[in-house]
Structure formats: C-alpha cells, structure tokens
Amino acid sequence: MLTKDLLRYKIREGQIYPQFVKPTDSQLLSVSDQLITVFEASPNTQRSTLLETSKHIIDSTPDNVIVKRGLEKLLLDRTEFDTAPNEELIAFRQNLFTETSRLLSQDMFSNYEEYLQKVSQIAGVESQSEKGELGDRLYADLPNCQPVLSFKTLSAQHLLHRYNTAQVQGLLLHCNSLTLNLSESMTAELRQLFKYLRFNQLLSTIRKKKIGNDDCFQITVDGPLNLFYKTKRYGMNLANFFVAVLHQPKWEITAEIQFRNKRSSRLYLNESCGIKPISQQFLAYIPEDIQLFQDMLHNKTDDWQIHPGSQFLPLPGDFYCFPDYQLIHTSGIEVWIELFHPWHQGHLLARLNTLGAQTGTPLIIGVSKELQKQSIIAEAMETSGHFSKFGFTFRDIPTMGALLPILNSLVDIDR
Amino acid sequence: MDPLKIDFDKGTLILQNVPESLQSQLPDILWDERTLTHRAPAYRYRHIISQLRAHDMPYEDTARQFTVKEFANQKQVSPYPYQSEAIDAWHANGKRGVISLPTGAGKTFIAILLIADTQRPTLVHVPTIDLMHQWYEVLKEHFEQEVGLYGGGQHELQDLTVTTYQSAVMHAPHYGNRFGLAIYDECHHLPGDQYQYAAISSIAPFRLGLTATPERVDGKESRLYALVGECCYEAQVQELSGKTLSEYRVVTIAVDMQDTERIQYEEARRTYLDFLKKARINMGTSRGWHTFLWKSSQSEEGRVAFKAYLTQKQLSFASAAKQEWVWKLIQRHRGDRILIFTQDNDTAYQIGTRFFLPVLTHQTKLKERNAFLNGFRDGTFSILVTSKVLNEGVDVPEANVAIIVSGSGSVREHVQRLGRILRKREGKQAVLYELISKKTSEQFVNQRRRQHHAYQTR
C-alpha cells in the first residue's frame with residue numbers, strides 16, 4: 001500500500017482524480033525493470049545497501065520522483081527482511097555496557113580519548129582502525145543493517161498495474177464507505193467479491209437499480225459504526241476489498257474521500273480506468289469446501305448437483321443476497337444455501353429479519369453452532385418461521401445429515 | 001409485544017423491538033436498514049440501560065458479558081490524602097472521569113484501589129508496549145491472579161487485561177462487551193482519530209482516565225471527557241513538589257555551535273527559508289508543514305530545500321558542541337542515574353555509539369528493552385539514552401538526572417520528561433538539563449515552553 005505522501009491525485013470541483021501511470025510508458029517500464037533487478041539481487045545484502053542502490057536509480061533522473069518512490073515502496077512490501085534478534089551482539093552489548101557504566105560511575109577522565117582508550121581495552125580492541133569500528137559494531141543489528149531474506153518478484157508491467165491499484169487503495173484508506181454498481185451477471189467473479197466482502201467484515205446493502213437502460217446491482221459497503229460516524233475505521237478493509245472489484249467485468253465505484261482537516265471529495269471510477277487485476281483469479285479452481293461438499297453429497301445421493309454461488313437472489317422487499325452455494329435437483333428444482341459463521345452475527349439477524357415468516361424464498365440457512373451459542377441468535381433462530389423450515393446448524397462444515405432432510409422436503413413439496 | 005433486546009455487535013449495540021415511544025428518548029440509537037434493527041455505539045450502553053430503567057421498560061440484555069468479580073488487593077498500603085480525594089471524586093462522578101496528576105504522584109496506585117473497589121473485569125489501555133508490561137507486573141503484584149496481555153503479539157484475555165490503544169482499536173469490536181471497567185492510562189491519547197474507537201467500541205459503564213496533562217493542542221480534550229467522563233480531580237506538579245514528588249531544578253544550557261557547524265547551519269537555514277518565501281508557505285499556520293512537504297516534493301529546488309531543512313534541524317539537535325556538553329554532564333554526575341533524551345532515533349544512537357551507552361528506542365527488541373530498563377533500575381547501567389519511548393509512563397524511580405539533548409518543543413513532552421526524574425526518594429534532588437543551540441529556532445521554542453507553570457514556580 002502507498003502512504004499518503006506517495007499518493008498522486010488532483011482535486012477539481014469536489015471530484016478527486018487519481019493520477020494513474022501508463023503501464024506502457026517506456027521510461028517507467030525501464031525504471032521499474034531497474035528497480036526490480038536491484039530487488040531481485042538483494043537477498044543477503046543489508047537493507048541500507050538495498051535502499052542506497054534503489055535511491056540511486058530514483059535520483060538518477062529528476063522527473064517522476066514520487067512515482068519512483070511509490071514503486072520502491074511497493075517492492076519493499078514484497079521484500080522480507082531478517083528481523084530475528086542477534087543474540088551474540090545483544091550479549092556483547094550487555095557486557096560492554098555493564099563495564100562502561102561502571103567506568104562512568106566511578107572514574108574521572110581527563111578527556112574523552114582517555115575514556116575511549118579504556119573502553120577499547122575492555123572490548124579487547126587494539127588497532128586504531130578497530131577502535132573506530134567498535135562504535136559501528138555496537139548497534140549493527142538496527143533495521144538498516146538487517147539482511148534481505150527474500151523478494152517476491154514480478155514483471156515491470158505488473159508493477160505499474162499494482163501501482164495504479166495502490167493509488168486507489170491509498171485513497172480508499174481515507175474513505176468511510178463506498179458504493180459499487182455491478183451489472184447483472186452470473187459470474188464466478190462475484191463469488192470472490194462477496195468472499196472478500198465477508199472476509200473483511202464489512203456490511204452491505206444490495207439493491208437493484210436501473211442505470212440508463214441497464215439493470216444493475218447497487219452495493220453499499222461500509223462497517224457497523226458508519227451509521228454514527230464518518231469513520232475511516234474500515235478504510236483498510238475497503239482498500240483490500242477493491243482488489244476483488246477489479247475482477248468484475250463491468251463495475252463502477254463511488255466513494256467519499258476525506259483527508260484529515262480537509263474537505264471531502266468524491267472518487268468515481270469504473271472498469272474503463274484500465275487497471276488490471278493484481279490478484280490471481282481462480283475461476284476454474286473448485287474451492288476445497290465445495291469439493292468436500294460435492295463429495296459428501298455424491299456419497300449420499302445422485303439427485304442433487306452442487307455449484308458455487310454465482311448470482312444474486314431476490315429476498316422479500318427490495319433486498320438481495322449472494323448465497324454461498326446453489327443446488328440443482330434432477331427435476332430442475334433450484335435451491336440456495338447461505339452459511340453464517342461465528343463472525344456473521346449481524347448478517348444473520350438481518351437475513352432472518354428480512355425473510356421474516358415467509359417461506360417462499362428457496363434459501364437454506366446454515367448457522368454455525370458457535371454462533372448459535374449467543375442467546376439473541378438462538379432466540380432469533382427459534383422464532384424464525386423461515387429457519388424452522390429451511391435452517392440447519394453445523395460445527396465446522398455442513399453435514400449431509402442436517403442438509404438432506406431439508407432438500408428432500410423441498411422435493412416432496414414440489415411433488 | 002416482544003421484549004426489547006440488546007446485543008453487542010462489532011463495537012456497536014443492536015437493539016430489537018424498541019417501542020416507538022422510546023426511540024426519541026434514546027438519542028444515539030438509529031435505525032439500521034442493513035440489518036433491520038436499531039443500532040447504537042457501544043459506549044452508550046450505560047446511558048441506554050439507565051433510560052430503560054428510568055422508564056421501567058423490561059429488556060433482555062445479552063450485550064453484557066461480565067459480572068461482578070472480586071479483586072482482592074494483596075498489598076495494604078494507605079493512599080496519600082490527595083489520592084483519597086481523587087478516588088472520592090471519581091466515585092462522586094458516577095464512577096467515570098479523568099484524574100489528572102503529575103508523573104510520580106501514584107496514578108497507577110489509584111487505579112489499583114479503584115479496580116478493587118469497582119469489582120468488575122477491567123481492561124487497562126496504554127500507549128506503549130513498555131507500559132503494557134509495566135502494568136502487567138503491577139497488576140500481578142497487587143492481585144495475585146492471571147493477568148491478560150493483548151498487544152505486541154500477545155492475545156490473552158483475562159478478567160484483568162492490559163492492552164495497547166492500537167490493539168484495542170483493532171480488537172475492541174470483538175471483546176468490547178467483556179469488561180465493566182475501562183482504564184485509559186495517558187488518556188490524552190484517546191481522542192486521536194483512530195484511538196477514540198477503542199472507547200467507542202466498548203460498553204464498559206465505568207471508566208477512568210489517567211494523565212498528567214489532559215489538554216491537547218487540538219482542543220480535543222472535550223472528546224476525551226465525552227468518552228471517559230469529566231476531569232474529576234486535578235493537582236499540579238508544584239503542589240506536590242517536595243511532598244510526594246522530589247525537589248527539582250531545571251538548568252538551561254545555551255550551547256554555541258562550532259564554527260564549521262554554524263556556517264553549515266546558516267547556509268542550510270537560508271536555503272530553507274528562501275524556498276518558504278518563494279513558494280509563499282507560512283509555517284505558522286496549521287497547514288504550513290503539510291504544504292511545505294507537498295511543495296518541496298514537486299521540484300528539484302524543493303527537494304534541495306527539504307534536505308536543507310533536515311540539515312539545519314539535525315545540526316541544532318545534535319551539534320558536536322551538544323555532544324561535548326553531554327560528556328561534561330556525564331562526568332559531573334558520576335554515581336547518579338541519568339536519562340538522556342533526544343528528539344530522534346539517529347541522535348540517540350549517535351550518543352549511544354560515541355559514549356558506549358544503552359539506547360532504548362522503539363527499535364529495541366522486547367527482551368533487550370526489559371534488560372536495559374531492569375539494568376537501569378538495579379544500577380547495572382547508570383545511564384540510559386532514549387528518544388521518545390520513555391517520555392510517558394514507564395516507571396524509572398531511580399533516575400535523578402535528565403539531559404534533554406533535543407525535543408519536539410511541546411510543553412507536554414517536557415513536562416513528561418521532567419516527570420521521569422520526579423519520583424520521590426529519600427534525599428533526592430532531581431535536575432533536568434536542557435541543551436539549547438544558541439541562535440537557532442530551538443531558543444525561541446524554549447522561551448515559549450518556559451511559560452509553563454512547571455518552570456515558572458522554580
């Protein structure tokens with residue numbers, strides 16, 4: 001992530017415009033290449049050496065200094081340093097300081113050189129050059145001296161895309177909520193988006209909206225305290241969430257950005273901004289939990305097929321949810337499952353409230369036993385007409401013993 | 001109608017079935033259409049419960065996850081009269097509020113007595129890891145029971161837990177309903193943009209703030225009082241000097257730079273000031289510094305000016321002449337316990353390297369930090385160099401001499417640094433030396449600082 005001093009943006013008439021770089025800019029690609037080469041060669045060198053070398057590249061041309069420092073910061077984020085304590089040096093210091101403390105408490109020195117002479121004797125240092133190095137050696141384990149352990153490399157072009165993403169993320173750190181419009185689609189990318197949303201413990205409201213001639217889903221994303229404060233408490237979560245937005249084929253975000261003691265400005269971006277996704281997308285990959293679920297289901301029945309959730313499901317009123325799984329029966333019956341883990345208390349209460357006593361929504365609710373331990377949740381589950389028909393509990397992962405009776409009842413009803 | 005229910009959710013309260021007639025009586029609750037419930041910030045818990053009781057409104061409270069807990073203080077020490085007054089004032093204020101006492105006046109001891117009085121699981125908030133460990137030791141010593149640590153890589157919750165503000169901001173949304181008493185040490189930090197959420201996300205009905213200086217430059221102490229309670233007791237350093245604090249004197253030494261340094265200083269300062277003038281930057285305004293940072297990054301000339309700014313600052317902070325004075329003072333105070341303070345880590349390490357002294361900064365690893373602090377307390381080390389980590393709270397009662405090589409210029413910092421050497425010991429006469437570079441901006445800052453009462457009465 002980029003710190004505030006490394007962000008480049010312009011504010012005009014209340015609108016904030018991140019200053020993206022062109023990922024095809026030959027000069028920046030060349031600088032990126034040089035920096036990456038330095039970082040690739042850095043393992044086993046000291047942090048200060050690495051920084052001096054990269055500084056040399058940054059200073060070699062006078063333009064784009066902030067961009068180059070930003071690129072350096074992103075490369076540093078991918079670098080691991082050896083931060084383990086140097087026990088030998090710590091012991092050396094402990095012994096030396098015990099002695100210097102004794103000297104300074106008891107003896108009067110005619111001048112500093114006399115003291116230095118005495119300390120050198122204690123440390124067993126005789127030659128003049130070694131005396132000079134004694135001080136340098138004393139704190140040779142400070143962060144600047146830490147050796148590089150590893151660096152996760154990337155291509156120059158990928159670095160520039162990362163830089164553009166980081167420009168947006170850096171702004172989102174200073175926002176309190178964002179609104180995301182997504183075109184109506186059935187894509188696996190959406191599943192990843194909602195995973196990010198839940199993982200970052202954000203709250204959302206999903207509404208259907210018409211923009212121009214197109215139907216789209218408007219998702220407002222923020223945190224519980226946003227109801228009361230324009231807090232940037234969730235800025236980091238929103239910045240992380242943005243990575244998943246980039247995978248959507250058609251999107252637009254609007255966010256209010258407010259720097260400390262400054263007026264707020266509006267950030268608007270859509271897929272035409274040209275930033276490529278920086279995280280890997282595993283569309284063909286079947287998540288482990290789905291695979292396990294599939295295997296368990298196949299062991300019990302061939303009548304149902306399970307798929308990862310990939311579309312919005314309308315709920316009573318004007319609301320929507322994004323279920324985790326979709327199940328399709330050989331007869332064509334479709335049903336969805338939404339799972340609630342221990343940290344989804346607010347989400348579950350909202351869902352049960354929305355569903356109310358209605359049983360028309362084909363949504364099965366799975367609730368973690370840990371979450372059920374909370375009396376308010378247990379009571380909400382007990383009194384929910386929907387949950388009594390379409391609800392089950394689970395410990396780590398849902399079991400077929402709990403799920404199949406509900407699935408069978410759906411087939412029976414349909415007959 | 002279903003009874004009103006209150007539950008805790010990620011630093012907020014969820015309220016279900018709130019009768020319409022009551023909604024206007026609870027000003028901080030709002031309808032949350034994301035969850036279709038009413039919601040309130042967690043810190044309004046006490047207010048909401050009081051209102052419900054006042055209206056004889058039945059309710060189910062699943063938010064509160066703590067009960068009465070007896071904490072027996074194993075050390076029977078009588079408080080000083082002013083400590084008893086502070087305790088009474090806090091009780092009279094409804095078991096809320098800020099107690100403001102100088103460093104060394106026994107704020108921690110007051111907190112210990114209030115934990116024992118209040119009998120609720122308690123979460124102590126502190127600004128630094130060093131203070132977290134210090135509180136841990138004190139709590140263990142007094143209550144002889146498990147004490148939890150949350151912060152600096154530790155994640156253990158107990159009925160008595162110490163956490164850093166930083167960690168509490170992250171984790172209070174998860175455990176903010178488990179403590180009945182919240183203590184905010186060095187509570188002037190609490191109104192910070194992020195730190196305030198440590199208090200907002202907690203339901204603790206009883207709250208105690210401890211500080212030597214509640215006032216803030218940004219005037220946000222009103223936020224502190226809103227979250228913790230009004231300042232219910234206050235005593236100044238000069239009221240306790242010689243009684244419960246050591247006698248002290250402040251000696252300011254104006255230091256002449258060496259000729260070469262003076263030339264370098266003047267040149268760098270001129271470059272810096274010329275740029276300010278040309279770029280029309282007024283450093284006297286609240287935005288001055290940020291404007292300078294921004295404008296200086298935009299051109300080569302600006303970058304040169306920024307380097308010049310750093311050079312002149314560094315020369316006034318750590319001139320060779322100041323180092324000579326450090327040497328003289330170390331020699332003058334042979335046998336004393338000396339703390340040397342600097343504004344930045346670089347200067348601290350310069351001094352540590354030159355005189356072969358232990359340096360304590362935020363870069364010092366935990367094990368060595370403890371070794372340095374313990375070594376200083378037991379006399380193994382007679383001198384400790386530090387930048388800012390010892391400014392606040394950390395207890396080094398043996399220290400009797402402080403040498404301030406450089407500082408931020410804030411009154412708070414100087415009062416806190418003075419506080420490090422004021423803990424009473426038999427026959428102790430504390431001395432604080434300030435080394436000020438002559439004819440530099442340090443001199444003006446020093447003159448402004450000397451208007452504080454800690455200086456005026458001496």
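Q: Why does Gln119(B) count as partly exposed?
A: Gln119(B) has 16 C-beta neighbours inside 10 Å, and a residue is buried if 20 or more other C-beta atoms, placed from the backbone, lie within 10 Å of its own, exposed if 12 or fewer, and partly exposed in between; Gln119(B) therefore counts as partly exposed. The model is predicted, with local features needing pLDDT of at least 70 and side-chain atom pairs pLDDT 80 or more, while totals for chains, interfaces and linings use all residues. Residues are numbered from 1 along each chain as its sequence is written, and chains are lettered from A and ligands numbered from 1 in the order in which they are written.

Q: Is Glu13(A), in chain A, buried or exposed, and how do you know?
A: Glu13(A) has 6 C-beta neighbours inside 10 Å and so counts as exposed. Its phi is also positive, near 50°, and Glu13(A) sits in the loop between β1 (9-12) and β2 (15-18) of chain A.

Q: What makes strand β10 (residues 160-164) of chain B mostly covered?
A: Five of the five residues of β10(B) are buried, with Leu160(B), Val162(B) and Thr164(B) on one side and Thr161(B) and Thr163(B) on the other, so that both faces are covered.

Q: How do you know that β7 and β10(B) pair?
A: Two strands pair if DSSP finds at least two bridges between them, and strand β7 (residues 122-126) of chain B is joined to β10(B) by five bridges in the parallel sense. Strand β8 (residues 148-151) of chain B also runs parallel to β10(B), with three bridges. Val162(B) has Val124(B) opposite it, and Leu149(B) stands opposite Val162(B) as well.

Q: Which residues touch the most other members of the largest nonpolar core?
A: A nonpolar core is a set of buried Ala, Val, Leu, Ile, Met, Phe, Trp, Tyr and Cys residues joined through C-beta atoms within 7 Å. The largest one has 143 residues, and Leu13(B), Ile99(B), Ile340(B), Ala402(B), Ile403(B) and Ile421(B) touch the most other members. Helix α5 (residues 129-143) of chain B gives the most to this core, six residues. A second, separate core of 55 residues includes Leu2(A), Val168(A), Ile206(A) and Phe319(A).

Q: How many residues does the contact take from each chain?
A: Two residues are in contact if their C-beta atoms, placed from the backbone, lie within 7 Å, and the contact takes 41 residues from chain A and 43 residues from chain B. The largest share of the side of chain A that touches chain B, ten residues, comes from α4(A).

How values were computed. Helix = DSSP H or I, 4+ residues; strand = E, 2+ residues; numbered from the N terminus.
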